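Have a look at the model first, then read on.

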Amino acid sequence: MEQVLLEFKEQFTSAFITEDRWKLYFQGLLTTIEIVLLAAILGLVIGTVICFMNLSSSKAKKCTIPHLIAVTYIDIIRGTPSVIQLLIMWFIIMKSSTNGVLVAVISFGINSGAYVAEIMRGGIQAVNKGQLEAGDSLGISRFTTIRYVILPQAFKNALPTLCNEFITLLKETAIVGYVSLSDLTRVSNQISSRTYEPFMPLIGAAAIYFVIIKMFTILFGKLERRMSQNVAC
Amino acid sequence: MLRVEDLKKSYGNNKILKGISCEIKDGEKIVVIGPSGSGKSTFLRCLNMLETPTSGRIWMDNDELTSKSTDLTHIRQQMGMVFQHFNLFENLTIMDNITLAPVKTRKMNKLQAKENALSLLKRIGLADKADAYPSQLSGGQKQRVAIVRSLAMKPKVMLFDEPTSALDPEMVGEVLDVMTELADSGMNMVVVTHEMGFARNVASRIMFVDDGNIVEENDPESFFEHPQNDRCKEFLSKIL
């Protein structure tokens, strides 16, 4: 028993304490969070634009050019692995850039944008058609009705799924090691290849991911509750 | 005040309205009745262009609604509409529901709109609900709020699309009371309803719509006592 504990302590020390390795995890975590926050913002912006382009056809019931662009974009992004997208961005499109974080942010932003667009479309289409008709019948412009009535409700509909997308995105950034960024996953991998003991670094990284995501989940839960208080439905 | 000329509406091959013409004069309260699927709701929704007619023309005073060059939003500000399912803005308080249109269309400033809304809410006895959300109201309360939301724009005519059909029987009365009071105050009204008591008491003219046409039109007394059309007789014998 004592033997096991001793070995555990030794592994823990070599994984986290020796040469201040915990700092590496911490820096890796910061890289992960930096990428995911920036990519989420970019994804939200791209997603919003793509979503409106996509919905531009439903009114006139015919295919508009923005609609076609949006549909193609969503199709391509959803139809290819994000690792490949990241590698294409790194080795082909932004070949001249040495800023790995920037490349990762753009790549994940573009990726997330496609999903966000679909999530928002779902949120908007779930809003009762009568809300728009009511706005029309009162002689309010479409823009005003959409801005003050449709979008707030759509956002509330989409919020749980958007939060989910954020968490998915956070975990997906574990592949940025492919473009030689030292995120949490890569750091733990590097340390385990240095100590020849993969157990502690990998379990440690998993625990850190878990705690961070748990914190975001609690945060989002609070946000959702606050939203549903304001808009009792 | 409203004039409809050979109004036709079809969805694909399904002809809903087959050429309705009528004129609604200032001060009239029209009640439109008819079996379900006859096209009466579609007719009403064409009057403020929520449904785009396949052909035909509609005028309000001197403005042609069916003309492409007409500013529809401007005309709709003078036509209130009350829906079967209320369609209150779910994310806004009762007060904001009522003031949104007057403020955003620059008809009133915020303060005026609020005062106006409050006096309208007092009129229907719901002033204490100003800060509540629609989901906290009963069906009857929602519909009464929906009525004053339209009134806040000071419309020239009010359209009612089966305003009591989605209500519990208990709540029908309170909504009809508001509508009756509104009629007494001289508002022009076009009401699609199944409430025959209301039709008899309030209507100045009743239109019976069947299969996309107005088949009978008369004042309430002659309409209910001496219906001419066979389809109309049959309908009345079933419901009265």
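## Before you start

Keep in mind that this is a predicted model.

## Where chain A meets chain B

Let's start with the interface. On one side, 20 residues of chain A are involved, and they are in contact with 24 residues of chain B. Together the two chains bury about 1900 Å², and 61% of that is on carbon and sulfur atoms. Three residues stand out on the chain A side: Glu133(A), Ser137(A) and Leu138(A) supply 29% of the area that chain A buries against chain B, more than any other three residues.

How about the polar side of things? The rule finds eight residue pairs in polar contact across this interface, counting pairs with both residues at pLDDT 80 or more. As for which elements of chain A do the touching, α6 (129-137) and α7 each give two or more residues to the side facing chain B. The largest share is from α6(A), with seven residues. Sorted by class, this side of chain A has nine nonpolar, nine polar and two charged residues.

## One salt bridge

The rule finds one salt bridge across the interface of chain A and chain B. Glu133(A) forms a salt bridge with Arg45(B), and their closest N and O atoms are 2.6 Å apart. Glu133(A) is also one of the three residues that supply 29% of the area chain A buries against chain B.

## A loop threonine in chain B

Now for Thr105(B), which sits in the loop between α3 (94-104) and α4 (110-123) of chain B. Leaving aside residues up to four places away in sequence, Thr105(B) touches Gly139(A) and Ile140(A) in the other chain, plus Gln77(B) and Met153(B) in its own.

Thr73(B) is 32 residues from Thr105(B) in sequence, with 9.4 Å between their C-alpha atoms.

## The second largest pocket

Finally, the second largest pocket holds about 320 Å³ of space. Its lining is made up of 15 residues, and those nearest the centre are Ala40(A), Leu44(A), Leu162(A), Phe166(A) and Phe220(A). Two or more lining residues come from each of α2 (21-55), α5 (100-125), α7 (142-172) and α9 (199-230) of chain A.

Of these, α7(A) gives the most, with seven residues. By class, the lining has 13 nonpolar residues, one polar and one charged.

How values were computed: Residues numbered from 1 in each chain as written. Chains lettered and ligands numbered in written order. Predicted model: local features only at pLDDT ≥ 70, side-chain atom pairs only at ≥ 80, totals over all residues. Heavy atoms only, no water. 1 Å grid on protein atoms, 1.4 Å probe; cavity = no way out; pocket = protein on both sides within 12 Å on 5 of 7 lines; lining within 4 Å. Points joined across faces, edges and corners; volume = space filled by probe spheres on them. Helix = DSSP H or I, 4+ residues; strand = E, 2+ residues; numbered from the N terminus. Nonpolar A, V, L, I, M, F, W, Y, C, P; charged D, E, K, R; others polar. Contact = heavy atoms within 4.5 Å. Buried area = accessible area lost by both parts, 1.4 Å probe. Salt bridge = Lys/Arg side-chain N within 4 Å of Asp/Glu carboxyl O. Polar contact = N/O pair within 3.5 Å; in protein donor to acceptor, adjacent residues only side chain to side chain.
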